[in-house]
Amino acid sequence: FSGGFHAGFIRDRPINEQRNISIGVGLGWSIDTYGHNVFIGKELDTDNSLFQIMDRGRIDFDTNRFTTQSIDLPIQFRWRTSTVESYKFWRIYAGLRPAYAYYFQTKFEQGGQTYKESDIP
């Protein structure tokens, strides 16, 4: 399974007089882990990166995943049907979450052996 944890905040900046349309900007932090079938490592003789697809039927491994950590800068367009008198309202938020990945690590386990790599360009 792949999974992640994301934390942060977004601040509304209303752009109309009724304050029901706004732009949300924020800051966050994320950690994501991906399970996959690609071996990521270094070639033995050189310092070149190696990416090799592994057929699960031919190559038996226990764990193969990579983890990233990133700083996120979410930007959202926000629309809602709220009024000053009512807190029951519909809302639609759409946007982007650009991120800068500052940490990367791949981990491969096979037959009690563990290979970790974090220096992949």
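Where is His-36 found? In this predicted model, His-36 lies in the loop between strand S2 (21-35) and strand S3 (38-42).

**Surroundings of His-36**

With a relative accessible area of 18%, His-36 is buried, because buried means under 20%. Leaving aside residues up to four places away in sequence, His-36 touches Phe-61, Asn-64, Arg-65 and Phe-66.

**The chain as a whole**

The protein chain contains nine strands and zero helices, and its pattern along the sequence reads β-β-β-β-β-β-β-β-β. The radius of gyration is 21 Å, whereas a compact globule of 121 residues would have one near 14 Å. Along the principal axes, the C-alpha atoms fill a box of roughly 65 × 30 × 20 Å. Among contacts with a separation of 6 or more, 62% join residues 24 or more positions apart. Of the 121 residues, 25% count as buried. The chain exposes about 9000 Å², and carbon and sulfur atoms supply 55% of that area.

Phe-9, Leu-27, Ile-71, Leu-73, Tyr-100, Tyr-102 and Tyr-103 make a nonpolar surface patch of about 710 Å². Strand S8 (residues 99-110) contributes the largest share of this patch, three residues. Ile-71, another residue of the patch, is found in strand S5 (residues 63-72). At 35% relative accessibility, Ile-71 counts as partly exposed, because that class lies between the 20% limit for buried and the 50% limit for exposed.

The two residues described individually are set out below.

| Residue | Relative accessible area | Class |
|---|---|---|
| His-36 | 18% | buried |
| Ile-71 | 35% | partly exposed |

Methods. Residues are numbered from 1 along each chain as its sequence is written. This is a predicted model: local features need pLDDT of at least 70, side-chain atom pairs count only at pLDDT 80 or more; totals for chains, interfaces and linings use all residues. Side-chain values use heavy atoms; hydrogens and water are left out. Patches are made of residues with over 30% relative accessible area and no salt bridge: like charges are joined within 9 Å, nonpolar side chains (Val, Leu, Ile, Met, Phe, Trp, Tyr) within 5 Å. Accessible areas come from the Shrake-Rupley method with a 1.4 Å probe; for residues, only the protein chains shown count as cover. A salt bridge is a side-chain nitrogen of Lys or Arg within 4 Å of a carboxyl oxygen of Asp or Glu. Helices (H or I, at least four residues) and strands (E, at least two) are DSSP runs, numbered from the N terminus. Buried means under 20% relative accessible area, exposed over 50%, partly exposed in between (1.4 Å probe, protein chains only). Contact means heavy atoms within 4.5 Å. The radius of gyration is taken over C-alpha atoms; the globule rule is 2.2 Å times the number of residues to the power 0.38.
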